[in-house]
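Visitor: Hi, I'm new to reading protein models. Could you walk me through this one?
Guide: Happy to, let's bring it up.

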Amino acid sequence: MASVDSSSGDVNNGLAKLSISTAGFSYAGSELIRWSDTVGCHCERSRSVCSLTVFAYPRHRRSGKRERRVIRWQIGGFQDAKECQLHLLAALKSVGNSAGAPPVEPDGPCPSVTWPKPCLILLNPRSGSGKAYDLFLRHVNPILADADFPYQLVVTRSLDHVRELSTSVPIDSVSGIVIVSGDGLVYEVVNSLLNRPDAEAAVRSIPIGVVPAGSGNAVVSSLLNYLGEFHPDNLIQHAALSLVKHRPDSLINLDVGVIQTPTNTDRPLHCVLSVTWGLIADVDAESERFRILGGARFGLLLTKKCLAGIKRYRGRLSYLPADPANQLIDSLPNFDQPVPTSWTVLERDFYTIGALLMSHLAEDFCPVTDWQPDDGLWRLFCVYPCSRSQFLRGFTGAAKGRLEGDSIEVIRARAFRLEPLTPGGHMMIDGEPMSYGPVQGWVMPGKVRVLMSGKCQDMPAGDK
Ligand SMILES: Nc1ncnc2c1ncn2[C@@H]1O[C@H](COP(=O)(O)OP(=O)(O)OP(=O)(O)O)[C@@H](O)[C@H]1O
């Protein structure tokens with residue numbers, strides 16, 4: 001909810017009420033507004049009146065949601081409004097300069113960060129329950145405007161359109177690609193960047209941003225949770241805020257999995273979220289027809305499968321455990337070769353396996369509690385056959401990161417090979433279908449960069 005506070009008077013009174021420190025500012029006895037909660041400020045002049053507006057999104061004390069606050073000073077009594085504006089900006093600037101920030105232009109709007117180039121925003125109008133454009137206008141655009149965030153919006157026509165844009169955008173023309181969709185489009189953009197002839201330069205020069213408008217939104221949930229910015233009722237706003245508060249020199253480096261199947265070893269797939277098999281993949285694939293329900297489609301299908309009796313899948317899971325003796329690897333044996341003897345091999349029945357590169361599998365499902373975006377590890381989330389009540393207890397606990405009983409475990413691994421022995425079923429990569437059969441993966445640590453920051457230094461909005 002927007003609140004507008006204003007204090008008026010002559011400049012001396014106005015500035016006397018404004019108290020500035022490196023942590024933030026307060027005015028007329030108000031509580032401290034932290035610089036890290038501000039996203040931008042605008043300065044306007046008319047004749048002898050100057051108005052300075054700061055846009056802040058502090059957390060609500062009880063709910064933890066970030067809510068917009070507009071703080072405005074209108075200060076008159078000056079011969080020359082420019083002189084008034086200079087006074088106000090000088091006050092903010094002095095703090096910014098002491099924190100090493102670049103100087104602010106004393107005229108016109110003063111953005112919170114000087115972004116050299118616009119971001120390309122790709123919005124999938126069909127993602128989630130089909131309301132992405134509406135959500136963007138209602139929740140994202142106002143935050144981008146407050147921060148003077150430069151962007152070019154493209155409402156995509158199709159998956160091919162997304163691929164074509166991500167493959168052809170010149171690397172020095174944008175400061176990143178922001179995806180307004182679900183996890184599927186993040187996967188497509190990352191794969192398009194990594195399949196470019198200039199892939200290495202492309203992933204270094206074109207970071208990605210994510211604004212959640214899909215049904216699962218596991219990628220953005222994991223990143224926001226890592227930054228301490230996850231709020232289930234305000235995911236889209238918190239993601240947009242993290243986007244506009246990113247610093248070009250302190251982006252998140254994110255692991256990318258290299259996924260091979262017997263038919264694609266020379267052109268592997270790239271994964272940022274998960275490869276799933278068994279129950280999780282079945283729920284994901286079979287709930288597609290209930291897209292209109294948004295994220296609720298997963299719960300609906302899970303309940304249905306639980307009541308009908310969960311299917312058992314026999315499989316062989318081999319993995320290189322993530323102990324300190326096992327360093328990162330950058331290739332795997334062919335499928336006609338056995339895995340190295342240092343690997344652990346499990347052959348048994350499973351309900352499901354999720355090879356995860358993130359903490360979350362959905363907004364409300366977070367089985368990994370020690371996730372780091374660039375730790376180079378898979379978490380093999382395994383669920384073994386058990387009674388219905390054990391399953392329900394275990395699965396609901398795992399959703400909150402609690403692993404109890406022996407029907408569920410999370411194994412940390414540097415690489416894995418999964419060979420389904422039960423014929424027929426679904427296999428999904430980042431929530432998108434892939435061919436059913438043997439699959440193996442290793443990790444390129446921190447391969448893509450993400451336009452997000454929840455850990456800003458404290459400095460004034462006008463001088464960041
Ligand atoms: N106009 C479009 N632009 C881009 N993709 C589209 C479009 N229409 C349909 N799609 C399909 O949307 C898929 C990507 O959707 P995405 O996975 O991002 O959202 P979601 O399925 O709602 O979210 P989640 O994966 O979190 O459940 C693509 O695989 C693509 O085939």
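Visitor: Among contacts between residues at least 6 apart in sequence, what percentage join residues at least 24 apart?
Guide: In this chain, 75% of those contacts do. Two residues are in contact if their C-beta atoms, placed from the backbone, lie within 7 Å. This is a predicted model, where local features need pLDDT of at least 70 and side-chain atom pairs count only at pLDDT 80 or more, while totals for chains, interfaces and linings use all residues. Residues are numbered from 1 along each chain as its sequence is written.

Visitor: New topic: which residues are closest to the ligand?
Guide: Ser181, Gly182, Gly184, Gly214 and Gly216 are the closest of the 21 residues around the ligand. A residue counts as near if its C-beta atom, placed from the backbone, lies within 6 Å of the molecule.

Visitor: Which helix gives the most to that shell?
Guide: H5 does, with 3 residues. Helix H4 (159-168) and helix H5 (183-194) each supply at least two.

Visitor: What classes of residue are in the shell?
Guide: There are 13 polar, 4 nonpolar and 4 charged residues. Ala, Val, Leu, Ile, Met, Phe, Trp, Tyr, Cys and Pro count as nonpolar, Asp, Glu, Lys and Arg as charged, and the others, Gly among them, as polar.

Visitor: Let's switch to strands. Is S15 mostly covered or uncovered?
Guide: Mostly covered: 5 of the 5 residues in S15 (residues 274-278) are buried.

Visitor: Which way does S15 run relative to S18, and how many bridges join them?
Guide: S15 and S18 (residues 352-356) run antiparallel and are joined by 5 bridges. Strands pair if DSSP finds at least two bridges between them. S15 also runs antiparallel to S21 (residues 427-429), with 3 bridges.

Visitor: What are the bridge partners of tryptophan 277?
Guide: In S18 the partner of tryptophan 277 is isoleucine 353, and in S21 the partner is methionine 427.

Notes:
Helix = DSSP H or I, 4+ residues; strand = E, 2+ residues; numbered from the N terminus. Buried ≥ 20, exposed ≤ 12 C-beta atoms within 10 Å, placed from the backbone.
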